[in-house]
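Hi everyone, thanks for coming. Let me put the model up on the screen, and then we can walk through it together.

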Amino acid sequence: MLRTIKRALSLGRKRDIPLIEESLWRRATQNYAFIARLTPEENRRLRYIASEFLAGKSITGAQGIEITELMRVQIAAQACILVLELGVQNYEGWQEIVVYPSQFVPEREVVDDAGVVHTTRNPLSGEAWLGGPVVLSYEDVARSGDPELAIDGYNVVIHEFAHKLDMLNGEPNGFPPLHRGMRRDTWQQAFMQAYLAFCKAADKAEQLLHYDRGAALDALPIDPYAAESPAEFFAVMSEAFFETPEVVAEAFPDVFAQLKLFYRQDPLRT
Ligand SMILES: [Zn+2]
């Protein structure tokens, strides 16, 4: 009985949600590589999920940027591709998305190993807070849908929302809560092996960088930022999984298999 009532309530809630208009949806999403791979049914479902996502989030502009409907839909579509088969409830528990016109430079105090406090000012394209907001640079958000500016495998929205999924069980560490039937040891092994190998490759590429920048970057199949930590590795792998899945499948087949199970999607299915 309770279940029926809950279901009726949630259905009732859904009926109140304004659906993203189809022409706006098409305009916002037409250039995303991950959209081209969806069946018409999945595309429609993603639009519903994105509509529900927008109903539950407030998106505000910082530094004078005006947030348009198109921008809201671009952010929602990219955030929701991750949860197409998992449900938008994975993004519950926080509300705010803050959008800067371009890279933003938060001032942070960090304490080094010697106990000295430093103020850092590193420009960021995005960040995701545990239990708090997602912050995005719109210049970077727009990049992934722009055929002229897109960088292979790069998608700041997917990156930050992968961190949000990772944070469903606490501080981000590249170990999000797995589904029933997935094995923690298999996940751990696939990711750790790939991460350590990637860090080695990134070190080599860094040495090469002084002589031949092109060759150095070519030697790395995904964004070198992935070497930063296991959490960043998972977020960058998630970007590449949806943007350039063939690269992940070829260079990191075990990670690709785990991501297919985790996202319950196969971007390479024919
Ligand atoms: Zn990150």
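Let me start with a question for you: is threonine 186 buried, partly exposed or exposed? Threonine 186 is partly exposed, because it has 14 other C-beta atoms within 10 Å. The cut-offs I use are these: a residue is buried if 20 or more other C-beta atoms lie within 10 Å of its own, exposed if 12 or fewer, and partly exposed in between, with C-beta atoms placed from the backbone. Threonine 186 lies in helix α8.

Two housekeeping points. Numbering starts from 1 along each chain, as its sequence is written. This is a predicted model, so local features need pLDDT of at least 70 and side-chain atom pairs count only at pLDDT 80 or more, while totals for chains, interfaces and linings use all residues.

Now the overall picture. The protein chain has 12 helices and 6 strands; these are DSSP runs, H or I of at least four residues for helices and E of at least two for strands, numbered from the N terminus. Along the principal axes, the C-alpha atoms fill a box of roughly 60 × 45 × 40 Å. With 270 residues, a compact globule would have a radius of gyration near 18 Å, and the chain agrees with that at 19 Å. That radius is taken over C-alpha atoms, and the globule rule is 2.2 Å times the number of residues to the power 0.38. Buried residues are 34% of the 270. Of the contacts with a separation of 6 or more, 64% are between residues 24 or more positions apart, where contact means C-beta atoms, placed from the backbone, within 7 Å.

How is the chain divided? There is domain 1 (15-171) and domain 2 (173-270), with bounds from an automatic or database domain assignment. Their C-alpha centres lie 20 Å apart. Across the boundary, 21 residues of domain 1 are in contact with 21 residues of domain 2. On the domain 1 side, α3 and α7 each supply at least two residues, and the largest share, 6 residues, comes from α7. That side divides into 11 nonpolar, 5 polar and 5 charged residues. Here Ala, Val, Leu, Ile, Met, Phe, Trp, Tyr, Cys and Pro count as nonpolar, Asp, Glu, Lys and Arg as charged, and the others, Gly among them, as polar.

Let's go inside. The largest nonpolar core has 59 residues, and Ala50, Cys80, Leu82, Leu136 and Met237 touch the most other members. By a nonpolar core I mean a set of buried Ala, Val, Leu, Ile, Met, Phe, Trp, Tyr and Cys residues joined through C-beta atoms within 7 Å. Helix α10 (residues 230-243) gives the largest share of this core, 8 residues. Take leucine 82: leaving out residues up to four places away in sequence, it touches Ile158, Phe161, Ala162, Leu165, Ser238 and Tyr263.

Which helix deserves a closer look? I'd pick α10, where 11 of its 14 residues are buried. Among them are Phe233, Phe234, Met237, Phe241 and Phe242. The cover over its buried residues includes α3 (33-36), α7 (156-166), α8 (184-209), α11 (245-251) and α12. From first C-alpha to last, α10 reaches 20 Å, close to the 20 Å expected at 1.5 Å a residue; the expected span is 1.5 Å times one less than the number of residues.

Helix α4 (residues 40-56) passes that check too: its 17 residues should span 24 Å, and its end C-alpha atoms are 25 Å apart, which agrees. Its buried residues include Ala50, Ser51 and Phe53. Leucine 46 is also in α4, and it counts as buried because it has 22 C-beta neighbours inside 10 Å. Beyond its neighbours within four places in sequence, leucine 46 contacts Leu38, Ala77, Cys80, Ile81 and Leu84.

One last stop, the backbone. Most residues other than glycine have a negative phi. Glutamine 63, though not a glycine, has a positive phi of about 55 degrees. Glutamine 63 is in the loop between β1 (58-61) and α5 (69-80), and it counts as exposed because it has 9 C-beta neighbours inside 10 Å. Arginine 264 also has a positive phi of about 55 degrees, and it sits in the segment after α12 (253-263).

How values were computed
Two residues are in contact if their C-beta atoms, placed from the backbone, lie within 7 Å.
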